[in-house]
Amino acid sequence: MATVELRFSALPEHVRTARLVAAAVARRAGVDEAVLDEVRLAVGEACTRAVGLHQHGGISAPVRVLLIEEEKQFSIEVGDEAPHAPVRARPAGEVLGDAETETEEDEMGLAVISGLVDDVEVSAGESGGSIRMRWPTTPPGALFT
């Protein structure tokens with residue numbers, strides 16, 4: 001199992017680099033070429049979310065991205081160190097405050113990721129959160145057997 005770890009300052013200009021690195025490592029791991037655009041978009045969305053959470057929370061710690069090549073699958077985990085509060089139900093018609101608007105934007109980002117990736121796990125707590133995404137891989141030479 002090979003792992004590449006990428007850490008970057010929580011700045012929007014670094015998200016593009018994370019997307020490019022993720023696509024390159026996914027290609028090398030054997031992720032289908034037709035899926036690489038989805039990998040790029042999902043990683044971009046997850047990293048943008050983590051950058052936003054860090055910036056809003058005044059967190060100076062870097063965003064971390066783990067690119068993990070396993071047998072028959074490739075995983076990407078994007079982690080943040082922002083404390084996450086439980087989401088509360090909101091009555092219809094209630095006006096959103098700034099924090100609630102950000103929560104709604106966060107939920108929209110997670111919905112986009114879920115639409116791009118079939119296998120997604122989201123975890124969050126007081127010490128941070130992570131989004132783990134998985135794609136199947138094709139072993140080298142399997143196309144020609």
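Two strands are taken to pair if DSSP finds at least two bridges between them. Helices (H or I, at least four residues) and strands (E, at least two) are themselves DSSP runs, numbered from the N terminus. The model looked at here is a predicted one, in which local features need pLDDT of at least 70 and side-chain atom pairs count only at pLDDT 80 or more, while totals for chains, interfaces and linings use all residues. Residues are numbered from 1 along each chain as its sequence is written, and side-chain values use heavy atoms, with hydrogens and water left out.

Now for the overall layout. The protein has three helices and five strands, and along the sequence they come in the order β-α-α-β-β-α-β-β. Of its 145 residues, 37% are buried, where buried means under 20% relative accessible area, exposed over 50%, and partly exposed in between (1.4 Å probe, protein chains only). With contact meaning heavy atoms within 4.5 Å, residues 24 or more positions apart make up 66% of the contacts with a separation of 6 or more. The accessible surface is about 8,500 Å², and carbon and sulfur atoms hold 54% of that; such areas come from the Shrake-Rupley method with a 1.4 Å probe, and for residues only the protein chains shown count as cover.

On to the strands. β5 (residues 128-136) is mostly covered, with eight of its nine residues buried. A hairpin of two residues links β4 to β5, and G125 has G128 in β5 as its bridge partner.

Helix α1 (residues 15-29) comes next. V15, A18, A22, A23, V25, A26 and A29 are buried in α1. Cover for these buried residues includes β1 (2-8), α2 (36-57), β2 (63-70) and β3 (73-80). Just after the helix, G30 takes a positive phi of about 105°.

Finally, V117 sits in the loop between α3 (98-116) and β4. V117 counts as buried because its relative accessible area is 1%. Leaving aside residues up to four places away in sequence, V117 touches A42, M133, R134 and W135. The C-alpha atoms of V117 and E38 are 7.3 Å apart, though 79 residues separate the two along the chain.
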